[in-house]
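Biologist: Could you walk me through reading a model like this one? I'd like the general idea each time, then the case in hand.

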Amino acid sequence: MTVTTEAVIIGGGVMGASILYNLALRGVETPVLLERDTLGSGSTGRSSGAIRMHYSTEVNARLAWESLAIFKNFEEIVGGGDVGWVETGYMLFVPEDSIDGLRQNIAMQQSVGIATQIVSRQEAQELAPAFELGETEAFAWEPESGHGDPSGVALAYSTRARELGARVVLESPATSVEIDSGKVVAVTTATERYETPIAVVATGPWSSRFLADIGIELPLVATRHEVFLLRRPLDRVPFHPGGGDMSNLIYFRPEGSDLTLVGNGNREEEADPDAYNPRLTMDFVEDIWPRLAKRIPAIADAELFTGYAGLYTTTPDLHPIVDRVDGIEGLYICTGFSGHGFKLSPAVGIVMAELILDGESRTVDISTLRMSRFAEGDLNTTTYSFRVIA
Ligand SMILES: Cc1cc2nc3c(=O)[nH]c(=O)nc-3n(C[C@H](O)[C@H](O)[C@H](O)COP(=O)(O)OP(=O)(O)OC[C@H]3O[C@@H](n4cnc5c(N)ncnc54)[C@H](O)[C@@H]3O)c2cc1C
């Protein structure tokens with residue numbers, strides 16, 4: 001069967017759903033989202049949901065800050081259901097040799113308007129009494145950061161998009177994008193042909209393969225990452241803020257009333273999105289739990305609750321690709337968000353809609369996320385780029 005539509009989004013993670021909503025909101029009629037499986041079945045459904053502002057490049061910091069304003073008032077701004085926003089505050093811990101980098105990053109973030117500051121060891125201890133704080137470390141504090149529910153966000157965006165006229169088609173993998181005379185003309189599935197002038201590839205870990213099939217080679221790699229949750233001894237750690245710990249290369253956050261979720265910043269392995277191990281391994285637990293206990297000593301006496309693995313989609317500079325494809329009118333790419341796409345997703349939907357409908361993004365300058373940067377050798381590198389962390 002053939003369906004005619006103004007735009008097709010391929011992939012129903014937070015990115016695809018946010019783009020779908022923003023296109024529908026901007027008046028695109030009956031945009032269609034095609035999802036291979038169910039909403040959030042890729043990286044989104046396994047995301048830790050941490051929402052923090054600390055970045056070493058302005059583009060990511062701006063996208064995160066724009067997004068935070070939406071997460072905090074999601075029901076009023078977007079609607080569509082509960083997205084699990086919890087404000088916990090977020091502390092960044094930095095070893096001595098990275099303190100100059102921390103200062104540079106914080107200055108940049110403050111120039112963007114982000115609520116963040118360097119705090120003394122004593123102030124950090126008052127904010128988080130359960131933390132062990134090194135004498136030579138430095139600390140930054142984001143009072144407004146927290147976490148949310150990534151699957152809930154994807155669902156809320158798609159619910160609102162459908163109310164605005166969009167269609168969400170599940171269990172329908174796109175099989176190809178038809179291109180004729182340098183223009184997108186259709187997206188096909190096994191059973192349908194969607195005639196459209198606009199196709200957006202937001203296929204997360206499947207992107208490298210999907211794009212290669214339509215002749216676009218990009219350095220996108222799916223990598224496997226584990227996380228687990230511990231039940232805290234509440235008498236000694238009733239609560240703690242979220243944290244990004246550059247000294248121990250872990251990130252963590254509270255979950256619900258008595259759990260702590262932890263993941264890491266230095267263990268990853270390349271994986272096949274159709275055949276990776278989604279389970280927690282004891283090797284990971286034995287490595288990461290003691291690292292967390294260095295920061296929160298009482299957590300050594302916690303109980304292991306559960307854990308799992310999911311996939312990041314990484315690029316060589318750990319920045320995403322958010323761009324139109326030069327030479328193919330109507331084709332757009334939005335992928336490669338590594339371990340930090342959830343927190344950027346509200347703003348990414350807005351800038352993608354601007355790119356598609358206005359020809360350029362106005363809310364945030366996304367030129368450094370262009371796909372040609374790899375061929376040009378113009379990667380997003382900064383003097384002090386913290387390789388962390390969800
Ligand atoms: C363990 C883990 C922890 C993380 N923690 C955080 C965190 O704390 N904070 C944060 O900000 N980010 C975090 N992230 C990263 C974040 O989850 C991702 O960056 C984000 O979810 C990416 O969204 P996406 O829509 O690009 O991709 P995905 O969620 O993977 O969505 C892509 C979708 O495309 C679909 N698809 C693929 N091929 C096709 C096709 N041919 N046709 C139709 N559909 C197709 C897939 O089924 C999938 O649903 C984490 C990720 C993981 C794995």
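Modeller: Start with contacts: two residues touch if their C-beta atoms, placed from the backbone, lie within 7 Å. Here, among contacts with a separation of 6 or more, 77% join residues 24 or more positions apart. Mind that this is a predicted model, where local features need pLDDT of at least 70, side-chain atom pairs count only at pLDDT 80 or more, and totals for chains, interfaces and linings use all residues. Numbering runs from 1 along each chain as its sequence is written.

Biologist: What share of the 390 residues counts as buried?

Modeller: Buried means 20 or more other C-beta atoms within 10 Å of a residue's own, with C-beta atoms placed from the backbone. In this chain that's 51%.

Biologist: Which secondary structure elements does the chain have?

Modeller: Elements are DSSP runs, numbered from the N terminus: helices are H or I with at least four residues, strands E with at least two. The chain has ten helices and 22 strands.

Biologist: And how do the axes of H1 and H6 cross?

Modeller: Axes are lines fitted to C-alpha atoms over the stretch in contact, and angles run from 0 to 180 degrees between N-to-C directions. H1 (residues 14-25) and H6 (residues 150-163) come within 8 Å, crossing at roughly 25°. That's why H1 is roughly parallel to H6, a label for angles under 35 degrees.

Biologist: Which residues make the contact?

Modeller: Among them are Val14, Leu20 and Tyr21 of H1, plus Pro150, Tyr157 and Arg160 of H6.

Note on methods:
Parallel < 35°, antiparallel > 145°, perpendicular 65-115°, else oblique. Buried ≥ 20, exposed ≤ 12 C-beta atoms within 10 Å, placed from the backbone.
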